[in-house]
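The exercises below are to be worked with the sequence and the three-dimensional model at hand.

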Amino acid sequence: MIVLGIETSCDETAAAVVVDGLDVRSNVVSSQVDLHARFGGVVPEIASRAHLELVNGVIAEALAGAGIGFADLDAVAATSGPGLAGALLVGVSAGKAVALARGIPYVGVHHLEAHLQAAWLQDRAVELPLVVLLVSGGHTMLVAVRGDADYEVLGETVDDAAGEAYDKVARLLDLGYPGGPAIDRLAATGDPRAVRFPRPMLGDGLDFSFSGLKTAVLHQVRRTPDVPVADLAASFQAAVVDVLVAKLAVAADGIGARTLVIGGGVAANSALRAAVGRLGTETGRRALIPPPVLCTDNAAMIAATGYRRLRRDGPDRLDGGATPSLPLPGVRRP
Ligand code: KG4
Ligand code: ZN
């Protein structure tokens, strides 16, 4: 089954062609980062307009990249939530238009469920149960996956998301937007032991808190402005990664996970990737670390998840819209 995936929930306009939910034939991402950078964050109205301008071209590029045309598609999947309302509507409308014009099924996909499923695009023989550390600009979660659409949220952030903390600290250090990649790059040249930042909620359950850490960086900068920025970046990153990996380890023990997976934009972080790789080796668990392009927002994960949702639940009606605060399907909380 050849599925076209479309993703427009935030500031990435993306389209991809995936066969049978596993085989990525094309994966096109057009980032709007440059448009939003001077505002220091995503401006919803600018994002919607840019999606509108870009979406047709991105879809055409995804089809061309896969060497197919609209007539070859068997289904269309688009992110229907959560995300920015106006941004989501662009992808949903484009997806439904293709489905209507071609007379093929349409399915709306949950953005976070797609991040959880990205692991299968890297390796189709993922051993269950697995625990996913989902760390993006909007979410920080530990999720147990025991089967198809069997998710249990084990912990999540009580305030800022990990990516949000990266972005805010980067702004504080004058490193520009988006902050995650900037801090990641700079931290490679700094000393992670230069400043001992707090490890919020370490040893205290599976929930996270990052807003205090951001404040700690602010106080440090004010108190000792002469500490090199690279050292601050490395020390901040060490604190974030310590907490994320420690809680991933506890979650994995708790559910007897066979596999550790990371997903979401912050999963592109080099220190986190290395630390999760080490945790896998130390605990005899497989660490599945998808390439950065499958961790950050992309449409291959949307097409793959759409394929599974179609097989499981069938298509969605074409009068369905977008839901900015869509709850994750099939979720249980302990
Ligand atoms: O999943 P994503 O692409 O978009 C959503 O939020 O859904 O994640 C974006 C977030 C941003 O906060 C960005 O700063 C962060 O991921 N990020 C990183 C890195 N690359 C992106 N954070 C740390 N290190 C990176 N290399
Ligand atoms: Zn995302």
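**Exercise 1. Aromatic rings**

K247 lies over the face of F208, at 5.7 Å from the ring centre; a charge is placed over a ring if NZ of Lys or CZ of Arg is within 6 Å of the ring centre and within 35 degrees of the ring normal. The model is a predicted one, in which local features need pLDDT of at least 70 and side-chain atom pairs count only at pLDDT 80 or more, while totals for chains, interfaces and linings use all residues. Residues are numbered from 1 along each chain as its sequence is written, chains are lettered from A and ligands numbered from 1 in the order in which they are written, and side-chain values use heavy atoms, with hydrogens and water left out.

Solution. 

Step 1. Rings of Phe, Tyr and Trp (its six-membered ring) pair if their centres lie within 6.5 Å; planes under 30 degrees apart count as stacked, over 60 as edge-to-face and the rest as tilted.

Step 2. Y166 belongs to helix α6 (residues 162–172) and F236 to helix α9 (residues 229–255), so that the pair links distant parts of the chain, 70 residues apart. Helices (H or I, at least four residues) and strands (E, at least two) are DSSP runs, numbered from the N terminus. Y166 and F236 are both buried, where buried means under 20% relative accessible area, exposed over 50% and partly exposed in between (1.4 Å probe, protein chains only).

Step 3. For F208 and F210 the ring centres are 6.1 Å apart and the planes are at 15 degrees, so this pair is stacked. F208 is buried at 0% relative accessibility, and F210 is buried with a relative accessible area of 0%.

**Exercise 2. The zinc site**

Task: Identify the residues that coordinate the zinc ion (ligand 2), and state how they are spaced in sequence.

Solution. 

Step 1. Donors are N, O and S atoms within 2.8 Å of the metal (3.2 Å for Na, K and Ca); water is not among the atoms, so sites may look incomplete. The zinc ion (ligand 2) is coordinated at 2.1 to 2.2 Å by NE2 of H111, NE2 of H115 and OD of D297.

Step 2. The spacing of these donor residues is H-x3-H-x181-D. H111 lies in helix α4 (residues 111–117) and D297 in the loop between α11 (292–295) and α12 (300–313), so this pair ties together parts that are 186 residues apart in sequence.

Step 3. Both H111 and D297 are buried.

**Exercise 3. The surroundings of L260**

Task: Locate L260 and list residues that it touches.

Solution. 

Step 1. L260 lies in strand β9 (residues 259–263) and is buried, with a relative accessible area of 0%.

Step 2. Contact means heavy atoms within 4.5 Å. Residues up to four places away in sequence being excluded, L260 touches, among others, V131, L248, A252, V276 and L279.

Step 3. L279 is located in helix α10, which spans 270–283. Its C-alpha atom is separated by 8.9 Å from that of L260, 19 residues apart along the chain. L279 is buried at 9% relative accessibility.

Step 4. P129 is 131 residues from L260 in sequence, with a C-alpha to C-alpha distance of 9.1 Å.

**Exercise 4. Backbone geometry**

Task: Which residues are joined by a cis peptide bond, and where is phi positive in a residue other than glycine?

Solution. 

Step 1. Most residues other than glycine have a negative phi, and most peptide bonds are trans.

Step 2. A cis peptide bond joins G81 to P82, with omega about -10 degrees; P82 is in the loop between β4 (75–81) and α3 (85–102). Another cis bond joins Y177 to P178, with omega about -5 degrees, and P178 lies in the loop between α6 and α7.

Step 3. A149 has a positive phi, near 60 degrees, and is found in the loop between β7 and β8 (150–156). M201 also has a positive phi near 60 degrees; M201 lies in the loop between α7 and α8 (211–223) and counts as partly exposed at 25% relative accessibility.
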